[in-house]
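Please open the structure in your viewer and keep the selection tool at hand. This tour moves from one selection to the next and says what is there at each stop.

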Amino acid sequence: MNTNRLSKSLTAALNAQMTKEAEAAQIYLSYASWADRQGYSGIANFLFRHAQEERNHMMKILEYILKRGAEVSVTAISAPPENPTSVNNCFEKVFVHEVDNTTEVYKLVKMSFDEQDWATWNFMQWFVKEQTEEETLSMKLLDDIKIAGGENMGSSELYSMDRDLGKASGEVRAAQDVTAENP
Ligand SMILES: [Fe+2]
Ligand SMILES: [Fe+2]
């Protein structure tokens, strides 16, 4: 008896998104390491925590594929892009990456809608909400940087930003504890 509740196309797309989340974790790890080497330990801390969040997203998709009785394919992941050239550039890269990821999430939402797979459609709403929050967060950081001078941000502004991001909440929710209300 076939108990697989995911179509071939959605299985492939969900596996691809799972890989994308793993790649996102690697990107945050590499930017975090770059920030730490520049001496920005607070920014590094923020980015390291974000890497962990992306890994949780990966696990969340992996668990969903298994729960629906379909096959998970763990594959190679591509290398992160070049290191940022400045703090401003770092958060610009973060923003662009998050927007790209939102586009991929939307494709999955549309696909599940077209296939009338309401379980997957419902599952993907969590990611829609999460992406909105991540975009808002990186927009806010870019606004702060802009006010502080953008590429010409002074050392005292960099100092405060690094200190504030180091103090941002350190709690990373485990994938299995995540809810639609508390992504
Ligand atoms: Fe993510
Ligand atoms: Fe993200």
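With the side chain of which residue does the side chain of Glu98 make a polar contact? Bear in mind that this is a predicted model, then select Glu98, which has its place in helix H3, residues 87–114. The partner is Tyr28, and the polar contact between the two side chains is 2.6 Å.

Next, show the surroundings of Glu98, where, leaving aside residues up to four places away in sequence, you will find that Glu98 touches Tyr28, His50, Glu54, Gln131, Glu134 and Glu135.

A search of the whole structure finds 1 cavity of 30 Å³ or more, and the volume of the largest cavity is about 50 Å³. If you colour by helix, you can see that H2, H3 and helix H4 (118–147) each supply at least two residues of this lining, with H4 giving the most, 4 residues.

For the last stop, select Ala22, Ala25, Arg55, Met58 and Ile77, which, of the 15 residues lining the second largest pocket, lie nearest its centre. This pocket holds about 230 Å³ of space, and helix H1 (8–38) and helix H2 (41–67) each supply at least two residues of its lining.

Notes
Residues are numbered from 1 along each chain as its sequence is written. Chains are lettered from A and ligands numbered from 1 in the order in which they are written. This is a predicted model: local features need pLDDT of at least 70, side-chain atom pairs count only at pLDDT 80 or more; totals for chains, interfaces and linings use all residues. Side-chain values use heavy atoms; hydrogens and water are left out. A polar contact is a pair of N or O atoms within 3.5 Å; within protein, one must be able to donate a hydrogen and the other to accept it, and residues adjacent in sequence count only if both atoms are side-chain atoms. Contact means heavy atoms within 4.5 Å. On a 1 Å grid over the protein atoms alone, a cavity is a set of points where a 1.4 Å probe fits but cannot get out, and a pocket is an open set with protein on both sides within 12 Å along at least five of seven lines; lining residues have an atom within 4 Å of a point. Grid points are joined across faces, edges and corners, and a volume is the space filled by probe spheres set on the points.
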